[in-house]
Amino acid sequence: MMKETGFSLRFLGQNSFILMDVRGFSVAIDPYLSDWCATRGQSKEPTAKSRLFPPPIAPENLDVDLVLLTHSHCDHADPETLRALAAKRHIRVAGPRDALRVAEKAGISAERLRLIHPGEEITFYSKPGVLAAAEQIRRGTGERGLRVKAIFALPTDDSDLNHLGYLLQFSDGSTFWNTGDTAWCDTLPMLAAGAVVKTIREWQAETGSTAPGLGSETQEPGPDVMAVCINAGYGNLSHWEASRLAGAAHARYVVPAHWDLFPHNSLNPEPFRTSLEKNAPGATYTLLERDREYWFSEGTLQPA
């Protein structure tokens with residue numbers, strides 16, 4: 001049942017999430033709903049690197065308003081999933097250059113693609129462009145839409161130098177940060193978490209209020225929910241580095257991601273909980289059950 005504030009959140013494994021605000025606008029981040037990374041589309045038979053569990057949703061059954069891609073690695077920009085979305089002309093796809101090349105090759109038409117750069121902010125509406133503006137004029141409303149801020153992420157190898165994370169602000173002002181894949185550097189807390197805090201502070205200043213449930217206006221703002229990669233394999237953050245980033249961002253709820261899908265690149269997320277206790281004591285560790293709907297509303301994240 002829809003709530004009056006906040007947003008819903010579903011974790012599909014790896015870095016795949018589906019989110020929806022109270023007005024029904026839905027967004028998928030890095031939907032990996034195939035076994036492409038193991039088979040490259042050449043076989044239906046599993047391999048030693050096949051996913052550990054089947055996709056919670058078949059690619060052809062994914063139906064959202066917007067897809068955000070963090071980078072072009074196949075477990076984030078999945079050619080098979082994107083090919084299934086090509087016929088669904090209402091779905092828009094946004095991301096950095098190399099990820100959009102994957103989407104274009106999969107058959108997503110150019111008018112549905114939106115290039116986005118680190119630091120850029122875009123507002124997406126359930127109806128694009130002129131249609132959204134016309135409806136707002138007709139209703140006499142100033143619908144805020146879904147605000148998306150592209151956040152710096154450090155490439156994990158030289159196969160794609162255009163990684164991003166995304167900070168989302170939903171229609172009621174609540175926020176979600178997905179870091180995407182990112183390597184560590186000593187300036188990452190300033191470049192990524194610092195940008196998140198600064199942006200949320202600016203968004204709050206626009207409305208003259210804090211985010212729902214945040215409490216004291218003197219408290220440093222941070223994302224209501226943060227999803228962060230925690231596996232150090234293939235150049236990603238370790239659980240210790242991920243916890244440092246969460247602490248720098250003043251995140252309220254922190255969700256581990258990118259730890260559960262592949263036999264050669266999975267781990268126990270429990271050490272991340274311990275690291276958060278040290279580096280982000282104000283955060284609440286939240287291990288999401290796969291493909292279960294959660295709601296963030298009035299300062300609380302819990303199963304729907």
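Colleague: Is C185 buried or exposed?
Modeller: C185 counts as buried, with 19% relative accessibility, where buried means under 20% relative accessible area, exposed over 50% and partly exposed in between, using a 1.4 Å probe and protein chains only. This is a predicted model, in which local features need pLDDT of at least 70, side-chain atom pairs count only at pLDDT 80 or more, and totals for chains, interfaces and linings use all residues. Residues are numbered from 1 along each chain as its sequence is written, and side-chain values use heavy atoms, with hydrogens and water left out.

Colleague: And how many disulfides are there?
Modeller: The count comes to one disulfide, the term standing for a pair of cysteine sulfur atoms within 2.5 Å. C37 and C74 form it, with their sulfur atoms 2.3 Å apart, and the link is right-handed, with 140 degrees about the S-S bond.

Colleague: Which parts does that pair tie together?
Modeller: C37 lies in helix 1 (residues 36–39), whereas C74 sits in the loop between strand 4 (66–68) and helix 2 (79–85), so the pair joins parts that are 37 residues apart in sequence. Helices (H or I, at least four residues) and strands (E, at least two) are DSSP runs, numbered from the N terminus.

Colleague: Buried or exposed, that C37?
Modeller: C37 counts as buried at 18% relative accessibility, and C74 counts as buried at 13%.
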